[in-house]
Structure formats: C-alpha cells, structure tokens
Amino acid sequence: MSAELPCYKPPSRETRACWNGRDDGDDSDVQRWHQAISLIDLSKPLDYFFEPTICFIGYASDLGVRENLGRAGAAEGPARLRVRMASFPVVQGVALADCGDIVAGATVLETQEALATVVEQIVRSGALPVILGGGHDQAFGHFLGVARARGTPPACINFDAHLDLRPIPAGGPNSGTPFTQVWEWCKSRNAPFRYTALGVQRNGNTAQLFTRAEQAGATLVDADGFALDTLDIVMEAINDAVDEAEICLSVDLDVFAAGFAPGVSAPTAMGIGPDAAFRRIFRGLMASGRVRGVEIAELCPALDVDDRTARLGAAVAFEVALGVLDAVNDDDSDDADGEGGDSGGEILGDGPSGDDA
Ligand SMILES: [Mn+2]
C-alpha cells in the first residue's frame with residue numbers, strides 16, 4: 001500500500017500475472033494487449049501522455065455492494081477483466097497502461113475519495129481512465145476525479161438496469177447511491193446535474209426512484225430504446241441531456257440480460273443485448289471526443305458462468321480502445337473543417353437511417 005495515496009495498491013506481481021496469453025511474436029501487427037501494456041505506479045510522478053493512452057485502474061472493492069445488501073464478490077472483478085482483456089489484439093495508435101487498484105478503505109466514501117484522487121491524476125496527465133469494477137459506488141469517485149481535473153462537472157451517462165439514485169442512508173453511501181452523491185454534489189455548487197440512464201428496468205426500480213429521477217431532471221431510456229429504429233431518437237435525447245458538457249461514461253454490466261451477464265450482484269432477466277443498437281450508441285458516445293472517463297462496473301466473478309460476464313466487460317473495454325481512435329480521427333477532421341476539435345463533437349448514432357433518410 002502507498003503512504004501518499006490511501007487505499008492505492010500499485011501494480012503487483014499478481015497484476016502482471018493477469019496480463020498473460022497467446023504470443024505470436026513481437027511484430028506490432030501480431031501483438032496482444034498483454035505484450036503492449038505498461039505498468040504504472042501512481043505513487044510516483046506521472047509524465048504527460050502525448051499519445052492517445054488508456055490507463056486502467058481497478059476498483060477492487062465490494063464494500064458498497066455489501067452495504068447495499070447485494071451479493072459480495074465484485075472486489076475480484078478487476079483481476080478477471082484484466083485476464084479477459086489480455087489476449088486482445090493491440091489497437092494501433094492507442095497506448096495501454098495498468099495503474100493497479102484502489103482497494104476498500106474503512107468506508108465507501110474513503111474508497112471513492114481514493115479513486116477520485118487517482119482518476120484526477122490520470123485525467124490531468126492527458127490519458128483516459130478506464131475503471132475496472134468493482135461495486136458501482138465507484139461512479140462517484142469517477143465523477144469527482146474528472147470534475148476536479150477538468151474544473152467543471154461532467155455529464156454522467158450510465159448504462160444500467162438501475163437508476164442508482166437511492167437516498168443516502170445514515171450509515172453512508174453504497175453501490176445504489178452514486179448518482180445521488182453526484183446530484184447532491186452538483187446541487188451544493190449550483191452546478192447542473194446532467195444524468196442519463198440507459199437501459200433502465202421498470203421491474204428493478206421503485207416508483208420512488210423514478211420520482212427522484214424526474215426531480216433530478218434525469219433523462220431515462222428503457223431497454224426498448226436499444227433498437228435500430230429508435231437510435232436517432234435516443235441519440236438526440238442524449239445530446240440534449242449532455243448539452244456542452246464533457247462525459248463520464250459508466251457501464252454497469254447488469255444492464256445486459258442475465259444470459260449475457262450472469263456474473264453480477266443483481267442479474268437482469270429482460271436486459272439489453274450487446275448488439276448493434278448498444279454498440280452504435282456506445283461508439284457514438286466515444287466518437288464525440290468528449291468522454292473523459294469510462295467505467296465498467298459490478299463484475300462478480302464468483303457468480304459468473306464460463307467468464308461470460310468478464311468477457312463481455314472486456315469486450316466493452318476493447319470498444320473503448322477503438323473509440324479512443326475514433327475520437328482522435330474525428331478531432332482531426334474537425335480541424336480540417338476549420339471548426340476546431342477542442343470542445344468535441346456532437347454525439348451521433350451510426351444509425352441505418354443516416355444520410356439516406
Ligand atoms: Mn448500477
């Protein structure tokens with residue numbers, strides 16, 4: 001454990017052991033993630049990344065899940081995601097680093113604060129943090145880190161069966177309250193709370209939670225929004241909700257149907273599929289160039305079936321790597337138009353109606 005960074009565990013021999021897999025040689029066109037990834041200790045000063053870089057940071061805690069009376073085991077999520085990402089082919093032009101883990105502190109709040117500190121550090125260094133979870137209480141640490149690094153609160157876009165807007169119990173926050181924490185943080189600073197929940201299930205949230213979402217001005221899209229013929233409407237709704245803000249992107253794996261994602265605390269019978277509709281929405285968000293952090297949440301390996309959920313979470317991380325390239329390329333084309341790429345682009349689904357409509 002690091003003295004300067006509470007709850008922080010730099011990459012260890014166990015971390016390195018996760019990054020292991022097929023080896024077709026050292027040529028760049030056959031390399032895999034386990035060969036290309038570098039290990040970074042965040043307790044040492046971090047250089048600025050001039051090339052597009054993803055920094056993985058594990059949130060190896062299920063403290064918030066247990067306090068939310070969920071099924072324990074998400075603390076093992078980060079290691080399993082690393083194992084399932086290890087053999088992906090390198091995405092040329094995107095550098096990868098593993099920064100180790102945040103482990104549970106005495107309280108959820110302390111653990112979230114520790115995550116915020118390292119996320120801020122990664123964002124300030126010019127890289128994209130990708131948080132490997134871990135209980136969904138990580139979303140508040142994620143938000144806080146990006147808000148501090150950028151000096152302005154980002155919009156939260158959350159793929160999740162649940163709203164995660166529960167009132168915060170007297171005992172402190174848990175994995176069901178992260179966006180309440182963001183809401184209260186924004187309220188106390190008179191900042192707009194921009195929250196979009198995608199894939200919300202009626203049977204997974206009480207009427208009180210839907211009322212709270214309405215009071216919070218949240219934008220909700222249920223699982224039926226994940227269809228090709230509604231893509232344009234959904235992307236327009238996301239665009240309106242995000243406005244000019246930057247984005248913290250959250251994927252709670254329980255947004256996917258239990259058949260695809262059994263390895264979560266609260267599986268979802270009628271969840272979405274990891275299909276073209278999901279992928280186009282996700283890619284549209286990444287290509288906007290405004291995503292400043294991504295998280296994959298709630299993987300619980302002990303409940304998984306043949307690593308199905310771990311593989312799905314890892315595949316989402318691969319989409320992030322492709323999306324980083326899309327964002328860079330979109331930025332370049334913006335510059336060519338003379339519009340400048342700094343503020344990032346519109347969030348557009350690559351829908352079938354596109355130019356032909
Ligand atoms: Mn959640």
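Student: Is Glu298 buried or exposed?
Tutor: In this predicted model, Glu298 counts as buried because 32 C-beta neighbours lie inside 10 Å. The cut-off for a buried residue is 20 or more.

Student: Where is Glu298 in the chain?
Tutor: Glu298 sits in the loop between strand 10 (291-297) and helix 11 (308-336).

Student: What is phi for Glu298?
Tutor: The phi of Glu298 is positive, about 80°, although the residue is not a glycine. Most residues other than glycine have a negative phi.

Student: And what about phi of Asp306?
Tutor: Asp306, a residue other than glycine, has a positive phi near 50°. Asp306 is also found in the loop between strand 10 and helix 11.

Student: Does Asp306 count as buried or exposed, and why?
Tutor: Asp306 counts as exposed, because it has 9 C-beta neighbours inside 10 Å. A residue is exposed at 12 or fewer.

Student: Moving on to helix 11: where does Leu312 lie, and which residues is Leu312 in contact with?
Tutor: Leu312 lies in helix 11. Leaving aside neighbours within four places in sequence, Leu312 is in contact with Leu253, Phe256, Phe260, Ala261 and Pro274. Leu312 is buried, with 21 other C-beta atoms within 10 Å.

Student: How many residues apart in sequence are Leu312 and Pro274?
Tutor: They are 38 residues apart in sequence, and their C-alpha atoms are 8.1 Å apart in space.

Student: New topic: what kind of peptide bond joins Gly133 and Gly134?
Tutor: That bond is cis, with omega about 5°. Most peptide bonds are trans. Gly134 lies in the loop between strand 5 (128-133) and helix 6 (138-150).

Definitions and conventions. Residues are numbered from 1 along each chain as its sequence is written. This is a predicted model: local features need pLDDT of at least 70, side-chain atom pairs count only at pLDDT 80 or more; totals for chains, interfaces and linings use all residues. Helices (H or I, at least four residues) and strands (E, at least two) are DSSP runs, numbered from the N terminus. Two residues are in contact if their C-beta atoms, placed from the backbone, lie within 7 Å.
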